[in-house]
Amino acid sequence: MFDYLNSIWAYREEILIRSSEHLILVAISMTVAILIGIPLGILITRKPKLARPIIGVANAIQTIPSLAIFGFLLTVPLIGGIGKTPAIVALILYALLPLIRNTYTGIKNVDPAIREAAKGMGMSDRQILFQVEIPLATGIIIAGVRVATVICVGIATIGAAIGAGGLGEFIFRGLSTVNNDLIVAGAIPAALIALGLDFALGWLENRLTKQRKRKKRFDRQFALILGLLTFAIVVLMAISSQQTPQTTTQTPQITTNQITIGSKNFTEQLILGEILAREIEAQTNLQVDRKLNLGGTFIAHKAVVAGEIDGYVEYTGTAFTGILERKPITNPQEVYKQVKQAYLQKFNLEVMQSLGFENTFAILIRRQDAEKLNLKTISDVAKYTPQWKAGFGYEFLDREDGFPNLAKTYNLKFSQPPQAMDLGLTYRALAEKQVDLIAGDSTNGLIAALNLFMLEDDRKYFPPYQAVPIFNKNTLEKYPEVAEAIAQLAGKISAEEMRQMNYQVDRQSRRVEEVAENFLKSEGLLR
């Protein structure tokens, strides 16, 4: 427990920043959801025929997995893409059901005798609603707000998968690096926020219920609470806009020019994204916004095509088979040439020179199994797969260069379908004997750290996977100095250097920013 508390203390500054981002997401989402949900709940008390379809739709939304909602919103114009906007839209959708249902239930459960008495006094329907029904239903309505708020706090952590920020950043980084400290650093503050908001709203529910007969005092209290909440949101937004979790060693430059660097959601990508960002900051007068840890290949690709990020690092084999959907070939130069031409023609993206290393898929087993059974190649394991379990990342199960064609090439026949899981979890699952074979990354530091063994691709199934920066062509035309800065990284990173940087983050718990900065300094690229 003390170790976890020390870990949280080590990340205290970033936790404050991520917590403020988390609270802002929840506050904006809940404000909009309340403005939509409570009026809808009131409407269906006046239009009973609408009750079933409206509550039915809200119920249906609740059954959709949150990741599916985020994935769907990636392609929706205006409210989709990456960042905070789609996350807020998703949170609003999930918050509607308890707000609508509790408002409807609270008003419908008002004693009919009280309603008839109000009518007998000559009160209009509007007066009955605002002076009788809503005050009597306040407790149930606030209870709905409590439930919706706690739901929002929990689901907001998943928003980090599409670059929305918040405490989910820690959790996804922890999953990708198999680092429990990072997971705890995100999970405990999120839990505390949920408990704190639930307690505060519970107190408010009790106060408003007790004071409902004293309307003037109720109005003053409500106005005061609303004012305080508004003030808190403004303060948090100011803090969030003035601080970033990244640090730089260079002197800040006064400029309004800014570009955005993205990355996928595993350690190597976080490091490479930070290296690109720091190199641009060091060699140009541009400010760099970071949207790292976006998710898989297709999320990052859509983001750079749409201009939501300006650049990120991709792998040629992934671009060739995953994005362009072409059959794998083994010639590195030909793969690079075709990817460069196709990306420019189809997506207006510039594929730059390789950073110097290749990160191919690595078919991994436990070293003790390799030594015990004398396994060296992927062909060697074919006769054991009927007794083994496999675990793969989601992308690998569907890609052209993924599991289906790998199984055909090597005649791999597992007794049950491979277990699908987050790529970062596959290493831990293999080490802890939950699965017996996985597809990892050849430069991952966890291979050595967890005593895993990489099988030789003896039939040359996998295409080359050179790490190449990919930038939106419009960005390079607007800021030609970016291309000059990135060109200085060409050929600078070897596979062993990348493996060491991954190891420093994964096993030595060093910060991504520190590792990236040290590499650039060692190459003389950082002023």
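The second largest cavity has a lining of 11 residues, and Phe 266, Thr 267, Glu 268, Asp 441 and Asn 444 lie nearest its centre. This is a predicted model: local features need pLDDT of at least 70, side-chain atom pairs count only at pLDDT 80 or more, and totals for chains, interfaces and linings use all residues. Residues are numbered from 1 along each chain as its sequence is written, and side-chain values use heavy atoms, without hydrogens and water.

**Cavities**
- The structure holds 2 cavities of 30 Å³ or more.
- A cavity is a set of points on a 1 Å grid over the protein atoms alone where a 1.4 Å probe fits but cannot get out; lining residues have an atom within 4 Å of a point.
- The second largest cavity has about 60 Å³ of space, a volume being the space filled by probe spheres set on the points.
- Its lining takes two or more residues each from α11, α17 (423-431) and α21.
- α17 gives the most, with 3 residues.
- The lining divides into 3 nonpolar, 5 polar and 3 charged residues.

**Helix packing**
- Helix α11 (residues 267-283) packs against helix α21 (residues 495-506) at about 110°, with axes 9 Å apart.
- The two are therefore roughly perpendicular, a term for angles of 65 to 115 degrees.
- Thr 267, Glu 268, Ile 271, Leu 272 and Ile 275 of α11 meet Met 498, Met 501, Asn 502, Val 505 and Asp 506 of α21 (contact: heavy atoms within 4.5 Å).
- This contact has 6 nonpolar, 2 polar and 2 charged residues.

**Salt bridges**
- A salt bridge puts a side-chain nitrogen of Lys or Arg within 4 Å of a carboxyl oxygen of Asp or Glu.
- The count comes to 20 salt bridges.
- One of them joins Asp 198 and Arg 146 (3.2 Å, N to O).
- Asp 198 lies in helix α9 (residues 180-210) and Arg 146 in helix α7 (residues 125-156), so the pair ties together parts 52 residues apart in sequence.

How values were computed:
Axes fitted to C-alpha atoms, helices over the stretch in contact; angles between N-to-C directions. Helix = DSSP H or I, 4+ residues; strand = E, 2+ residues; numbered from the N terminus. Parallel < 35°, antiparallel > 145°, perpendicular 65-115°, else oblique. Nonpolar A, V, L, I, M, F, W, Y, C, P; charged D, E, K, R; others polar. 1 Å grid on protein atoms, 1.4 Å probe; cavity = no way out; pocket = protein on both sides within 12 Å on 5 of 7 lines; lining within 4 Å.
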